[in-house]
Amino acid sequence: MSVHEAAGAATSRARRPRPRDDDSTAPLPPAPAWLDVAVDAAADRKAIDLKLLDLRGKCDYTDFFLICSGRSDRQVAAIAESIDERLRGEGQKPLHIEGMGQGRWVLLDYADLVVHVFDPPTRDFYRLERLWSDAPVLREIEGDGSSPAQAGVGGAAEAAEDGAG
């Protein structure tokens, strides 16, 4: 078996079919905590307009999208590298990475999470948020993250606020 065949076999084993759930009233299980790690890694590199979308029941190939932007090719690459480094620390290894050399659109595929890091013109052109506008937004940080922290996917920020009052 060639290296390419082995890689293809590993990818096909790792990617499982995702049944569509037509019962929209059924509660979804909590999102994995490592999603917050990905969002925080992007925010730490001053990513612009972060959105974590919940695609469970809407998409066959992943459960979540993290979409964000960087102001330059270097920042796009730095954001993607930071996310990858932090997720590897959580035991999450990407199945595939594309675009790291160009810095206009980097895609990191972790099966359950697909990360899209864009430069602003490319993000504006593809408008993934518009394409998936019916997906719930689990976490959103507008601008470059200098605004107050948003609630995490597990609700940890909300719990901390409730306990402080």
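Which side chains meet in a salt bridge with aspartate 84? The views below are of a predicted model, in which local features need pLDDT of at least 70, side-chain atom pairs count only at pLDDT 80 or more, and totals for chains, interfaces and linings use all residues. Residues are numbered from 1 along each chain as its sequence is written, and side-chain values use heavy atoms, with hydrogens and water left out.

**View A. Aspartate 84 and arginine 88 form a salt bridge.** The N to O distance is 3.0 Å; a salt bridge is a side-chain nitrogen of Lys or Arg within 4 Å of a carboxyl oxygen of Asp or Glu. The two residues are about one helical turn apart because they lie four residues apart in helix α3 (helices are DSSP runs of H or I, at least four residues, and strands of E, at least two, numbered from the N terminus). Aspartate 84 is buried at 11% relative accessible area, and arginine 88 is partly exposed at 42% (buried is under 20%, exposed over 50%, partly exposed in between, with a 1.4 Å probe and protein chains only).

**View B. Arginine 139 pairs with aspartate 36 in a salt bridge.** Their closest N and O atoms are 2.9 Å apart. Arginine 139 belongs to strand β6 (residues 137-141) and aspartate 36 to helix α2, 103 residues apart. Both count as buried, arginine 139 at 8% relative accessibility and aspartate 36 at 16%.

**View C. Leucine 87 has contacts beyond its sequence neighbours.** Leaving aside neighbours within four places, its partners are Trp34, Val37, Ala38, Gln92, Tyr110 and Leu113 (contact means heavy atoms within 4.5 Å).
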